[in-house]
Amino acid sequence: MIELSIPGRGDLTLRHIVFDVNGTLAVDGVLAPGVAERIAALAGQLEIHLLTADTHGGQAAIDAELGLTAERVQRGQEREQKGAFVERLGADRVVAVGNGGNDAGMLRAAAVGIAVLGAEGLNVEALQAADVVAASALDALDLLLKPKRLVGTLRR
């Protein structure tokens, strides 16, 4: 659990983190360097969830590298499925991280939505749905590993 007191916004108790995989944590179906270590460091604080349509077919290798099992979403309705997943967890306790248009629903629903501008770019709808933009997955993960950074960005 990560507890945040954000001036002008209030208190948050985060229990879950939901990640889009391809374009956010992985580039061309391969986990970005440094991501596994940071996710392992967060695992003691937050329950980690991966959501993917497995566009590149490499999710089994990513799951093995992270020691997690991703939830598969059906292609064509990813936005709705990802948003509904966050709602089922209790959106007020979730931080969501993504980069694509199909991530906009989960970014908007979550207590904190972090949009990642990575090698795939950042969809403008995901940007508008997010609370914070990070330059990379590593920067997004560091916001949670060093939560005063997140408080500094979110305070009003």
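The dialogue below reads pockets, salt bridges and a surface patch in a predicted model.

Q: What volume does the largest pocket have, and which residues lie nearest its centre?

A: Rolling a probe the size of a water molecule over the atoms shows where empty space is left. In this structure the largest pocket has a volume of about 160 Å³, and among its 15 lining residues Asp-20, Asn-22, Thr-55, Lys-82 and Asn-102 lie nearest the centre. By class, the lining comprises two nonpolar, seven polar and six charged residues.

Q: With which residue does Lys-82 form a salt bridge, and are the two partners buried or exposed?

A: Side chains of opposite charge can pair when their charged atoms come close. Here Lys-82 pairs with Asp-103, the closest N and O atoms being 2.6 Å apart.

Q: Which parts of the chain does the pair of Arg-38 and Asp-142 link?

A: The side chains of Arg-38 and Asp-142 meet in a salt bridge at 2.8 Å, N to O, and this pair links distant parts of the chain, with Arg-38 in helix α1 and Asp-142 in helix α6, 104 residues apart. Asp-142 counts as buried because its relative accessible area is 13%, whereas Arg-38, at 24%, counts as partly exposed.

Q: Which residues make the nonpolar surface patch?

A: Leu-117, Val-124, Leu-127 and Val-133 make a nonpolar surface patch of about 330 Å². One of them, Leu-127, is placed in helix α5 and counts as partly exposed because its relative accessibility is 37%.

Definitions and conventions
Residues are numbered from 1 along each chain as its sequence is written. This is a predicted model: local features need pLDDT of at least 70, side-chain atom pairs count only at pLDDT 80 or more; totals for chains, interfaces and linings use all residues. Side-chain values use heavy atoms; hydrogens and water are left out. On a 1 Å grid over the protein atoms alone, a cavity is a set of points where a 1.4 Å probe fits but cannot get out, and a pocket is an open set with protein on both sides within 12 Å along at least five of seven lines; lining residues have an atom within 4 Å of a point. Grid points are joined across faces, edges and corners, and a volume is the space filled by probe spheres set on the points. Ala, Val, Leu, Ile, Met, Phe, Trp, Tyr, Cys and Pro count as nonpolar, Asp, Glu, Lys and Arg as charged, and the others, Gly among them, as polar. Patches are made of residues with over 30% relative accessible area and no salt bridge: like charges are joined within 9 Å, nonpolar side chains (Val, Leu, Ile, Met, Phe, Trp, Tyr) within 5 Å. Accessible areas come from the Shrake-Rupley method with a 1.4 Å probe; for residues, only the protein chains shown count as cover. A salt bridge is a side-chain nitrogen of Lys or Arg within 4 Å of a carboxyl oxygen of Asp or Glu. Helices (H or I, at least four residues) and strands (E, at least two) are DSSP runs, numbered from the N terminus. Buried means under 20% relative accessible area, exposed over 50%, partly exposed in between (1.4 Å probe, protein chains only).
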